[in-house]
Amino acid sequence: MTIKFHNPKSVSVAGKYSLGVEVPPDARVLHVSGQVGVDSAGKLQDGIEAQSDQVWKNIGEVLKAGGMDFRDIVKLTVFLTDSRFIPAFREVRGKYVGQEPYPASTLLVVAGLADPSMLVEVEVVAAKS
């Protein structure tokens, strides 16, 4: 059985994401902890674009370590500290997760993250059948 993406026409989709993703019981599943815009030297990047890009680079490295890539993401959860960051974040996300089928997705605007300088955090679930 393969991974199935569900987007019934009776439910509106307001962006580039799937409404549901069905992962078969025999698939390998990888849960990636929330990633922030900190590089391998521990330096937090400046600005929403740079932090977003670093987030996706970090996610890519974890996926690679698990034998997966961005196309294997089935669910992502995004935490932004300001709704004004949504367009910039989506622009950067499109470079990494830019082709259908899109993963299921949730975006939350939160009061803050672990460090007040952090502007974005993303956690993902990836699956490979």
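Predicted model: local features only at pLDDT ≥ 70, side-chain atom pairs only at ≥ 80, totals over all residues.
**Entry 1**

Residues are numbered from 1 along each chain as its sequence is written, and side-chain values use heavy atoms, with hydrogens and water left out.

I then counted 4 aromatic pairs in the structure. Rings of Phe, Tyr and Trp (its six-membered ring) pair if their centres lie within 6.5 Å; planes under 30 degrees apart count as stacked, over 60 as edge-to-face and the rest as tilted. W56 and F89 form a tilted pair, with 6.3 Å centre to centre and 35 degrees between the planes. Because W56 lies in helix α1 (residues 47-65) and F89 in helix α2 (residues 86-96), the pair ties together parts that are 33 residues apart in sequence. Helices (H or I, at least four residues) and strands (E, at least two) are DSSP runs, numbered from the N terminus. W56 is also buried, at 0% relative accessibility. I found W56, F70, F89 and Y96 in one aromatic cluster.

**Entry 2: S18**

I located S18 in the loop between β1 (4-6) and β2 (20-22). With a relative accessible area of 4%, S18 is buried. Apart from neighbours within four places in sequence, its contacts (heavy atoms within 4.5 Å) include F5, H6 and P103.

Methods
Buried < 20%, exposed > 50% of the residue type's maximum accessible area, 1.4 Å probe, protein only.
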